[in-house]
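Have the model open and follow along.

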Amino acid sequence: MLKTPDMLLLFCLVGAANALHKQWIPDTNYENETNWDKDTVPCGNDMVQFKAQRKVSVFVETSHAVREMRLPVDGEFILNSGAGFYVMNGQDPGCGEGVVTHFKDSESLQWFNPALWQAAATLDDLQSGNFLFSVHEESVPCQHDDVVFKQHSSFRVDTSSSQSSIAVKSVSVLGKKFVSQSEFSQYLGSRSGQLQFHGSSAVTVGNQECGDPTGCDCGNSAVHQQICSTVKCASVSCKKPILPVGHCCDICGAIVTIRYAAGFNLQTYRQRIHHLFLTLPQYASIQLGMSKVFKSQRLMGIVPFGTSPEIQVAIVEGEKGTKAEDLAKDIVKDANSHSSNLGITEAEFQSSSGGSSGQPGDNVGMVVGVVFGVLLMITLVVVMVVLVQRGVLHMPLSLQSLISRRRSDVGELGGPLDHGFDNPIFDKPNMLPDIPGANATETNLSISMTQTGMHFVNPAYDENETDFNA
């Protein structure tokens, strides 16, 4: 039974949106030290240089002194209130002798690189750094997500992919949220939009939020290979590494699979797991991602016949961690204890340590599957025999000759064929009796030619004994 605070928390979360906020991490801000090759912002004695042939949109938040600045052929400065540049008379006393500082190239930053995004349930969580873990496919914005580029920031992102467009719910740039495609297309056509977004795939907005309380498909499975091409997997040393659906790398941890019925709410359940378990000290180092996935169903593990939706809970820990399986057991136990209230029909897990929650029914299902397979094979054989007998199918000639030879040695009742008495002429010529004219040397005596034709002489017939002698 849930305590009253737990019930109040779940009640408040009912109806929460399943869409997440995905925020782009890199920027092209002048004040960001990581954007400069010297890892420091240029000062009054430095010469600032941008690559001449690179397009760039730079956000400048405050004023800066420079000795000299070389600008790109195609670029812009977005100046915050009070921001700008000036040249000092003399030396900047706090700057040193001065160096040439280059602005780093941002041309290769890709939209489908999961390491360049942060996910959160709300905008407040984005601001406070309360980020969510997701499998690689869902770390990139999904079709029902709100995309956020930081308010006081500019950027440059490559949207190239095998798809003609990238559909999302909304895009926020420089504090303005675009939910209308016509309005966002107008921004993309502006000078800032062309410098910030480039690539073969057009970003489109206007998708509705997920209307299914059990969750919706992310929509990134078509670009799974491209997403994984940007990911460098670390080596793992656990006993049995596992691979969650939608992830690019094997993990050390556990996977909980939840099957549900009417009444299940993914967002509510996600918050429940966070509240009940992830706030506990023993699970502080755990990363947990929850999503709706569609697993392929296969007859006898071979023949595909469709997909079924499931809730996947991916639990990731360090190589030497031992808490993932404990958390998986706690989640399965909680799901089974409150299944009727949560709309859960079944919960099970597998872990990289080799543990699992195999149910007694699993073996029964395996036996049923084997029996069903045998019956299916017998049915196929019977059908083939009937079709052959009716002439619908034809057996190969080699098989037909084999069956014919086999039948020649078998009687109608299935036993060996009775040949009767031995025929000394046809069956065993090497055992012929010593009859005149029957041996090879006397063969010419067994045939006679007359004017009326050719006659064969029967050696067993004595013409002297006939009653018709003339």
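What follows is a tour of the disulfides.

Keep in mind that this is a predicted model. The structure holds six disulfides. If you count the bonded cysteines along the chain, they pair up as 1-2, 3-6, 4-5, 7-10, 8-11, 9-12. Let's look at three of these links.

Start with the bond between Cys-43 and Cys-95, where the S to S distance is 1.6 Å. Cys-43 sits in the loop between β1 (21-24) and β2 (47-49), while Cys-95 is in the loop between β7 (84-86) and β8 (100-102), so this link bridges distant parts of the chain, 52 residues apart. The torsion about the S-S bond of Cys-43 and Cys-95 is about 60°, which means the disulfide is right-handed. Both cysteines, Cys-43 and Cys-95, are buried.

Now move along to Cys-228 and Cys-248, whose sulfur atoms are 2.1 Å apart. The handedness here is left, with -85° about the S-S bond of Cys-228 and Cys-248. Are these two buried or exposed? Cys-228 has 19% relative accessibility, so it counts as buried, and Cys-248 is buried too, at 17%. The cut-off for buried is under 20%.

Finally, there's Cys-238 with Cys-252, joined at an S to S distance of 2.2 Å. Cys-238 and Cys-252 are each in the loop between α6 and β17, 14 residues apart. Their link is left-handed, with -90° about the S-S bond, and both Cys-238 and Cys-252 are buried.

How values were computed:
Residues are numbered from 1 along each chain as its sequence is written. This is a predicted model: local features need pLDDT of at least 70, side-chain atom pairs count only at pLDDT 80 or more; totals for chains, interfaces and linings use all residues. Side-chain values use heavy atoms; hydrogens and water are left out. A disulfide is a pair of cysteine sulfur atoms within 2.5 Å. Helices (H or I, at least four residues) and strands (E, at least two) are DSSP runs, numbered from the N terminus. Buried means under 20% relative accessible area, exposed over 50%, partly exposed in between (1.4 Å probe, protein chains only).
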